Amino acid sequence: MRYIGPMRDRARSVEDKAQRSEDLLDAAESLAVELGGVRFVTVAAVTERAGLHRTGVRRYYASREELFLELAERGWQRWRDAVTASVAGRSGLRPGEVAAVMAETIAALPVFCDLLSHVAMSLEGDVDLERARRYKTNSFRAHDDLIEALDRASTMTVEELQALAAAAGAFAAGFWQVSHPTPTLARLYAEVPEWGHVALDFGPRLNLLLRATAVGLVHTDERTAEDPR
């Protein structure tokens, strides 16, 4: 994240306002990484890091929920871009290879993985209708672009890729939460290591289960084609 500097005056131009908006997103993301999750991030801390007055965020985002929903939307776009870059110029990718691409690219976006849980639980439902509509529009567009890139590069069908992407999002969201326990759970896992081992292998576990899911999806489709009953 670039250095923001001391408290700044109100943005006047469209470009300045867009930059302030990005600065707030960058501040929220960096704090989430440092503190261990978005649940620990406050609006006051975000505005202070971005160099704005604590009430300044309201000029750009109506609420904390809208700020984090915007960050989740940016996460979808980054995941799409990462997948697209990873498969550029490639073809004939097998299910396990596609799963590896999905796992590696989404795991490289830890705040996005964290936010996927919060989006479903609260963020979408705690903003106004038009903001929720914009999130759905932009996230589905990024999702569809991601599927299109994988469709060009792989041997899997669009339906299989869509199912695998859904699994990737669900696995990443759930495993991220488990692998980043609260201080209380971290202490408990230190006392009882056999309970805490699942919290230590986010990437490998995600990769393993996505590969199994990808192979299973293709196998199921092949069996259904042979015997549609």
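Guide: Contact means heavy atoms within 4.5 Å. Helices (H or I, at least four residues) and strands (E, at least two) are DSSP runs, numbered from the N terminus. The model is predicted: local features need pLDDT of at least 70 and side-chain atom pairs pLDDT 80 or more, while totals for chains, interfaces and linings use all residues. Residues are numbered from 1 along each chain as its sequence is written, and side-chain values use heavy atoms, leaving out hydrogens and water.

Visitor: What pLDDT does the protein chain average?

Guide: pLDDT is the predictor's confidence in each residue, from 0 to 100. A score of at least 70 is reached by 90% of the residues. Residues 1–9 lie below 50, with 23 contacts in the model beyond near neighbours in sequence. The chain average is 89.

Visitor: Are helix 1 and helix 3 roughly parallel or roughly perpendicular to each other?

Guide: Axes are lines fitted to C-alpha atoms, for helices over the stretch in contact, and angles between N-to-C directions run from 0 to 180 degrees. Under 35 degrees counts as roughly parallel, over 145 as roughly antiparallel, 65 to 115 as roughly perpendicular and the rest as oblique. The axes of helix 1 (residues 14–35) and helix 3 come within 10 Å and cross at roughly 85°. The two helices are therefore roughly perpendicular.

Visitor: Which residues of helix 3 does helix 1 meet?

Guide: Helix 1 contributes Glu22, Leu24, Leu25, Asp26, Ala28 and Glu29. Their partners in helix 3 are Leu67, Phe68, Glu70, Leu71, Arg74 and Arg78.

Visitor: At what angle do the axes of helix 3 and helix 6 cross?

Guide: Helix 3 (residues 64–87) and helix 6 (residues 129–153) have axes that come within 9 Å. These helices are roughly parallel to each other. The crossing angle is roughly 10°.

Visitor: Which element gives the largest share of the lining of the largest pocket?

Guide: On a 1 Å grid over the protein atoms alone, a pocket is an open set of points where a 1.4 Å probe fits, with protein on both sides within 12 Å along at least five of seven lines; lining residues have an atom within 4 Å of a point. Trp76, Leu116 and His143 are among the lining residues. Helix 5 (110–123) and helix 6 each give two or more residues. The largest share, five residues, comes from helix 6.
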